[in-house]
Amino acid sequence: MMPKDKTPQVAESPIADVFEGRHPSDAEKQWAEKTLAPTLEKAPEKPIGAATGVNLDEHGHAKFTTISGVPIRRLYTQADLPEDWSAEKYLGFPGQAPYTRGIHASGYRGKLFTMRQFSGFASPEETNQRYKYLLQSGGSGLSVAFDLPTLMGYDSDHAASEGEVGKCGVAIDSLEDMEILFDGIDLEKTTVSMTINSPASVLWAMYLVVAEKQGADWKKISGTLQNDILKEYIAQKEYIYPPAPSMRLVIDTFEFGSKFTPKFNTISISGYHIREAGSTALQELAFTLYDGVEYVEWALRRGLEVDEFGPRLSFFFNAHNDFFEEIAKYRAARKIWYQVMKNRFGAKNQRTWLMRFHTQTAGVSLPAQQPMNNIARVALQALAAVLGGTQSLHTDSYDEALALPTEEAARIALRTQQIIAYESGVTQTIDPLGGSYFLENLTLQMEQGGFDYFNKLDAMGGMVKAIERGYPQKEIAEASYQYQRAAEAKEKITVGVNEFVIEEESPHILYIDETVAKQQTAKLKALRGRRSNEEVARRLNALKKAAAQEPKAEANGISPANTMPYIIDAVRAYATVGEICEALREVYGTYTEVSIT
Amino acid sequence: MADSKIRVLVAKPGLDGHDRGAKVIARALRDAGMEVIYTGLRQTPEMIVSASLQEDVHVIGLSILSGAHNAIVPRVMDLLRQNKMEDVIVVVGGIIPDQDIAALKQMGVAAIFQPGTAMDDIVKFIRANVKPRGVPAV
């Protein structure tokens, strides 16, 4: 613990903070009095941003905080670490518990982070071309962005899909579209990540069938399914069914995956969207890892073994503007997950303890104004992710706030990663910032803050219960409003938006019209004329029957009521995303959230 | 007209669930003294216009980030005309490409707030443009 030896006689002096809540050495005290104090007298510190609100302390002195509002000291020294601090005790070594310094003993020397650019737009045909382009440009994995109808489980010709087809991602209606999407791409050799949640098992089934048709071995294919429904209720709001049946579908994929696709990550527990919705870095960390806890609890209740599915759990974090706060977040996340898996769940398999994660730079931090400046922002954010030891990375395109990326913008984003990997030198040594007083202090604060949130969520009875009472949603809404207020008061500066503003012309963007909707509608019509609709109906009925039963893990197989095999069957008969999700809607109903503003 | 009398319906039509902007704006308008009704997610144009009629709002704020504005906004404007609600002003916020702005304004949208618009500017715009009702506002 850090001692709280306050020195009241200097409470209102500008150097009071040197003595508060820490244990400065005599030399540091002397520095503060002899060197710092006269400097501050001559030139008082000025906040970054307007000298109001969050930028002033109660004595009217300049206050400095991270983008999440965490107070930052002028200088960090040994006095900001616990008195019993040692690298051996608090950090360990890379590849060893508690994994603060990384999960690999050789860092990036043996394997660089995977450069995985999230991409998808318009039709499967057009996206297939973009994928081939990204792979030829040196991208090392794919990441599929689906359009909103697909994310919400509607076919392109559904009334609710009007105006949305192909706009925010690629439109996928049936196995036929998935075959086109991966045409000419070897799925045994390419790792593919799919950002899909409520209908995750449906799209995954389509992927598995395409892989099988290519002759790929399910045991060898690797990739990641986002499949994180909890953060949908918390932040992104693309949910279909109520929480309990949604959780059941997720656990079905865990169970299926650990038997049939041992190299596929069946979930990517995501803080990215929580952060984009306006949370602080700490909330992102805490809610995400606690979502992980909730999935483990549900899987254990099913009767699954933690060391069997645990190694397939992966994570996904945001890389926001505040450089050191982000690095601390990743380091603390590894440490927390290790402790939780080992101590709370009794995991014995070392692979279960490892918090492996993907990172994406913060879309929300990239304004539409002077968009080229975003290239610099993305580079810094991506650098934080790499210094934090990410396993894979997506760098946003500079035109993020305007539309889906143009080909040029997508290429610059990928090049930014390559410059970090091949030119900057930061990948040559492991956790190069480890041992920094500042970073280690932030990492410990993050860890402590994370566990404080864990206690609150435990007391509420878990994350599903907390979501139902709107707790994480309220925390995030409050943080996002406070940030917006501070930004508009210029207490937080965004270059080109509230400072250094210029008049400018609008840039060239990728514009998607309604042609894709027409094409997809025509394809669906042809498909429904060509396939056996009776067979589809029969398989959907079988799925509904299984979905209505309570699954229970069996010793040497998967639960007889696991929905995955039934969904795969339906997919093989070319049942559409909309039809399969509709069948499940009939069994589970839909969810409407209580609105919080 | 007095701020306390301005009633705003903030709605999020379409399939998109990114509601950060809608919620921040709802709170900012409320903090500015307006009465705000937030509809929640995935409202159809019919639901939005019917809620606006029932709640007797002066302003409808639509938050659209997905690119579906060209399908959604015309239907809202048509329904307002059919219900003789031309005294309700409609403002749209979100990711709206420059090339679509003229057409949206042509169909009667009072203002389009693109990314980076200050909350305060939205409050000022609404105060300056809200249309008076039959009963004099105090």
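Helices (H or I, at least four residues) and strands (E, at least two) are DSSP runs, numbered from the N terminus. The structure shown is a predicted model, in which local features need pLDDT of at least 70, side-chain atom pairs count only at pLDDT 80 or more, and totals for chains, interfaces and linings use all residues. Residues are numbered from 1 along each chain as its sequence is written, while chains are lettered from A and ligands numbered from 1 in the order in which they are written.

**View 1. Helix α3 of chain B, residues 69-82.** From first C-alpha to last, the 14 residues of α3(B) reach 20 Å, close to the expected 20 Å (1.5 Å times one less than the number of residues). After α3(B) comes Lys84(B), with a positive phi near 55°.

**View 2. The buried residues of α3(B) and their cover.** Buried here (20 or more other C-beta atoms within 10 Å of the residue's own, C-beta atoms being placed from the backbone) are His69(B), Ala71(B), Ile72(B), Val73(B), Val76(B), Met77(B) and Leu80(B). Their cover includes β1 (7-13), α2 (45-55), β3 (59-64), β4 (89-94) and α4 (98-106) of chain B.

**View 3. Domain 2 and domain 3 of chain A in contact.** An automatic or database assignment sets the domain bounds; for chain A they are domain 1 (8-87), domain 2 (88-488) and domain 3 (522-588). The C-alpha centres of domain 2 and domain 3 of chain A lie 27 Å apart. In domain 2 of chain A, 33 residues are in contact with 24 residues of domain 3 of chain A (C-beta atoms, placed from the backbone, within 7 Å). On the domain 2 side, α6 (175-181), α7 (200-214) and α9 (243-260) of chain A give two or more residues, and α9(A) gives the most, with 8 residues.

How values were computed: Buried ≥ 20, exposed ≤ 12 C-beta atoms within 10 Å, placed from the backbone. Contact = placed C-beta atoms within 7 Å.
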